[in-house]
Amino acid sequence: ENYFKIIPKIHQQVLDSQANIILKLTHHLKNLYYLSKQVKYRFNDSSKLLYNYLKKTHFTSANEYRIKLEIGHLVLNERKHFKNLIKTKIENKFYELHKKLLNENEPWPAIEMLVLGEKFVEKGIGKVKWFNKIGSIYELLIKMNSSELAAIDFCQKAIHFYKLSGNDKKVTQLEKTNKKLTEKLSMNGVPLRIDLSKTLESIEKDAKKIATEFSFEEIIIFLATDKFILPTKTDMEKAANDMMQTSVFLTLIDSTFHDLRGNVVKNIGREDKGKEFLISNYMLHLNNLQLPFIHWIIYYSTINGKITTTSLVELFQKHSWFGKNLERTVFNKKIEYNWLDVIMPSIHDYLFHLKLLENGYNYFPNYVTPIDSLTLKIEGLLRDFLSIQEIPTTKQIKGKHGLTTEELDINDFLYHHKIKELFDEDDLLFLRILLIEKTGINLRNEVAHSLLLPQQYSVELMHLLFIALLKIGQFNVSKSSKAN
């Protein structure tokens, strides 16, 4: 009863143009609907009140968009209940509103109204008009936008909707446009840097002091465990929440993530915005603050002779499970092996190139071999590490002819429910973003499918792999002594 009384008052406040009240109105309408449904009290009255906001126009275009978007999705989800109320072509209300929004130069809300309205149209020829119109707005956005990445996204979406409408002429035309945009993107590149020159000078000074004053073991412990080395999950969650509160509109629209080849590798719905804001903040901090700090610590520690292949081998043999001999049974025969034999050649190559940088600015190191090798070896390291903790590293797949057993891959490992007991949340976030998150660095996928260009095999990637190895290797465990 209180909702029925307060909703007309909030409606009037919206008419009086009070800021952000429309969100309060939609919230109360939805609460009233679900509450009346649950307690079986005045459910028909609440349904009629809710539906009234779809079939009639009450407010400005911006407020109508907000309320019709929220109520429209609710009515779609509860379609069985509302079918007796939908006696007119309710989709026309969405179409009319999209035209008003376009006239007010609001293409994004206009598209959302069309996408939502189309779902109320019966299957068949009636949907063609809607798909064509959505395609035409995306085509308009291509011309309006100066960013190649955005233009590629709009072009691919326009192609998709023109295909749905059967508009082959437009599909052919835009496929040519998409090819030109993709080629232009690959030539220009997509630089994104912030001017932090004064901060970077301070970072190099602090890093050089650590490399000079710390002992070798203190430097390795610092790189492996100090919370300043990488962005923390808590800080990035706070930054993501702040971004969502200050950029409310960004949280309301779906978005896409492109790789450097212009391909859409992930569609990001509203429910995923928090995670994607977290990853984007992480990448921004990592690239502009933490990576320069890591670079100078490792660089100065290498040229002053503290970090060497020999010192690392001795450290791993003494303090890490990397230095332990492991056994694997192959065809009933036990074979002994040691991970240092596998990872140290790449680390030696990495340090060798770093050392040579000291001698001249014209030296261009090649990190292709160590990056390719270590990126793929990390999966094997994680498999053995979980096995040492007596955590299963295989899964059974049921097929037509019975059960088969498959090895877990790196995605399974980094999202295994037991992994949280072995790594803290900051280390786990780093490993996921470095190796498997599509909107992060996603290095495992890039290397495994040979997607990296020679120019992308940078010393920064090698530094991050080195940090990843230190984090995985920081435990000194064996089959009879699990990690603390």
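Tyr 300 is buried, at a relative accessible area of 13%, where buried means under 20%, exposed over 50% and partly exposed in between, for a 1.4 Å probe and protein chains only. This is a predicted model in which local features need pLDDT of at least 70 and side-chain atom pairs count only at pLDDT 80 or more, while totals for chains, interfaces and linings use all residues. Residues are numbered from 1 along each chain as its sequence is written, and side-chain values use heavy atoms, with hydrogens and water left out.

The aromatic residues come first. A pair of aromatic rings is described by the distance of the centres and the angle of the planes. Rings of Phe, Tyr and Trp (its six-membered ring) pair if their centres lie within 6.5 Å; planes under 30 degrees apart count as stacked, over 60 as edge-to-face and the rest as tilted. The structure holds 24 aromatic pairs. One of them joins Phe 228 and Phe 293, with 5.4 Å from centre to centre and 75 degrees between the planes, an edge-to-face arrangement. Phe 228 sits in the loop between α12 (216-225) and α13 (233-246) and Phe 293 in helix α15, so the pair ties together parts that are 65 residues apart in sequence. Helices here are DSSP runs (H or I, at least four residues), numbered from the N terminus. Phe 228 counts as exposed because its relative accessibility is 52%, whereas Phe 293 counts as buried at 5%. Tyr 300 pairs with Tyr 299: the ring centres are 5.2 Å apart and the planes stand at 65 degrees, so this pair is edge-to-face. Tyr 299 is buried, with a relative accessible area of 13%. Elsewhere, Tyr 33, Tyr 34, Phe 43, Tyr 51 and Phe 82 form one aromatic cluster.

Helix α15 (residues 273-303) also meets helix α20 (residues 425-435), their axes coming within 12 Å and crossing at roughly 85 degrees. Axes are lines fitted to C-alpha atoms, for helices over the stretch in contact, and angles run from 0 to 180 degrees between N-to-C directions. α15 and α20 are therefore roughly perpendicular to each other, given that angles under 35 degrees count as roughly parallel, over 145 as roughly antiparallel, 65 to 115 as roughly perpendicular and the rest as oblique. Leu 278, Ile 279, Tyr 282 and Met 283 of α15 make the contact with Leu 429, Phe 430 and Ile 433 of α20, contact meaning heavy atoms within 4.5 Å. By class, these residues are 7 nonpolar, no polar and no charged; Ala, Val, Leu, Ile, Met, Phe, Trp, Tyr, Cys and Pro count as nonpolar, Asp, Glu, Lys and Arg as charged, and the others, Gly among them, as polar.

Glu 437 lies in the loop between α20 and α21 (443-448). Glu 437 counts as buried, at 7% relative accessibility. Leaving aside residues up to four places away in sequence, Glu 437 touches Lys 275, Ile 279, Tyr 415, Arg 432 and Asn 442.

Another glutamate, Glu 379, belongs to helix α18 (residues 368-388) and is buried, at a relative accessible area of 13%. Beyond four places in sequence, Glu 379 touches Leu 408, Asp 409, Ile 410, Phe 413 and Arg 444.

A further helix pair is α6 (residues 91-103) and α7 (residues 107-118), whose axes come within 8 Å and cross at roughly 170 degrees. α6 and α7 are therefore roughly antiparallel to each other.

How values were computed: Helix = DSSP H or I, 4+ residues; strand = E, 2+ residues; numbered from the N terminus.
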